[in-house]
Amino acid sequence: MGESGGTFMIRDVWESNLEEEFGLIRKLIPKYNFVSMDTEFPGVVARPIGTFSSTSDYHYQLLRCNVDLLNIIQLGITLMDAQGNPPPGVCSWQFNFKFSLNSDMYAQESIDLLSKSGIDFRKHEEFGIDTFHFGELLTDSGMVLFKNVRWVSFHSGYDFGYLLKLLTCSALPEDEDGFFEVLHTFFPGIFDIKYMMRSCRMLKGGLQDVADDLEVPRIGPQHQAGSDSLLTAMTFFKLREKYFENRIDEPKYLGHLFGLGSHIFHSQSAAHIAASPASSAAIQSSSSANAAAVGA
């Protein structure tokens with residue numbers, strides 16, 4: 001992809017320029033602390049078996065077994081400030097990871113989709129980023145572990161599953177409670193646009209559908225993580241302006257992932273209200289992946 005998009009520039013990152021680009025990101029993150037992201041991964045290849053306590057528990061176990069088995073292909077990150085302004089020059093980075101069609105597991109339909117979108121798997125195998133190297137740099141980047149950083153995503157259970165795998169170099173926690181504990185340690189401030197859409201009656205569908213409804217233009221090819229992360233960023237700020245009057249109720253929306261963790265957040269809400277003087281207040285209920293994998 002190189003660099004594209006006029007005032008919005010997307011840069012491809014491989015192992016050879018990984019440290020240089022993280023150096024730039026570290027300088028930008030104090031001011032441009034809204035981090036929008038998207039991943040591309042090789043689909044869904046396994047289904048969990050057994051008894052599940054809820055639909056949410058099943059979806060987490062489906063996520064867990066596939067993230068543990070598979071490897072990430074791309075991560076897109078876009079930086080903007082709190083007003084939705086990008087930094088000058090490059091604002092989006094497309095991290096391309098080492099991935100081999102000969103040795104890594106994948107779902108064929110997902111690989112076909114990504115190939116049609118322009119992903120060059122031969123280049124990923126030869127020049128792709130080492131995941132351990134990336135995890136070390138991400139840990140020290142200023143993007144994780146800080147409460148003032150806001151991560152913006154869309155239907156992002158799988159996305160954050162792969163990010164936690166990169167950061168911890170270990171299997172995901174066995175249950176949702178453990179997953180959200182680790183998630184909120186590394187990512188204290190998450191917005192999931194799909195979750196926020198629960199308050200936007202006119203919006204439905206995937207990221208591209210919502211962007212089209214909000215008249216947000218795409219820059220770059222769909223189903224590549226750099227372009228998708230940039231579209232996620234621009235869609236979030238347009239959504240905030242049109243449906244939330246530029247003021248989002250963070251206690252209501254922050255930290256939730258669409259489709260996961262509903263029992264956890266219900267329990268937390270109940271405990272918070274029981275401990276509050278205003279105990280009569282009503283409890284407010286709380287609840288990519290690539291399209292071929294999860295239908296985001």
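Contact means heavy atoms within 4.5 Å of each other. This briefing follows a predicted model. It looks at leucine 24 in helix 1, at serine 92 in strand 4, and at how helix 1 and helix 5 cross.

**Serine 92**
- Serine 92 sits in strand 4, which covers residues 90-96.
- Serine 92 has 0% relative accessibility, so it counts as buried; the cut-off for buried is under 20%.
- Beyond residues up to four places away in sequence, serine 92 touches Met9, Ile10, Arg11, Ile77, Thr78, Gly226 and Leu230.

**Leucine 24**
- Leucine 24 belongs to helix 1, residues 18-28.
- Its relative accessibility is 31%, so leucine 24 counts as partly exposed.
- Setting aside neighbours within four places in sequence, leucine 24 contacts Arg11 and Trp93.
- Leucine 24 and serine 141 are 117 residues apart along the chain, while their C-alpha atoms are separated by 9.6 Å.

**Helix 1 and helix 5**
- Two packed helices are described by the angle and the distance between their axes.
- Helix 5 spans residues 131-139, and its axis comes within 10 Å of the axis of helix 1.
- The two axes cross at roughly 15°.
- Angles under 35 degrees count as roughly parallel, and helix 1 and helix 5 are therefore roughly parallel to each other.
- The crossing of helix 1 and helix 5 is right-handed.
- From helix 1, Leu18, Glu19, Phe22 and Arg26 meet His133, Phe134, Leu137 and Leu138 of helix 5.
- Among the residues of this contact, five are nonpolar, one is polar and two are charged.

Conventions:
Residues numbered from 1 in each chain as written. Predicted model: local features only at pLDDT ≥ 70, side-chain atom pairs only at ≥ 80, totals over all residues. Heavy atoms only, no water. Helix = DSSP H or I, 4+ residues; strand = E, 2+ residues; numbered from the N terminus. Buried < 20%, exposed > 50% of the residue type's maximum accessible area, 1.4 Å probe, protein only. Axes fitted to C-alpha atoms, helices over the stretch in contact; angles between N-to-C directions. Parallel < 35°, antiparallel > 145°, perpendicular 65-115°, else oblique. Left-handed = near helix turned anticlockwise from the far one by under 90°. Nonpolar A, V, L, I, M, F, W, Y, C, P; charged D, E, K, R; others polar.
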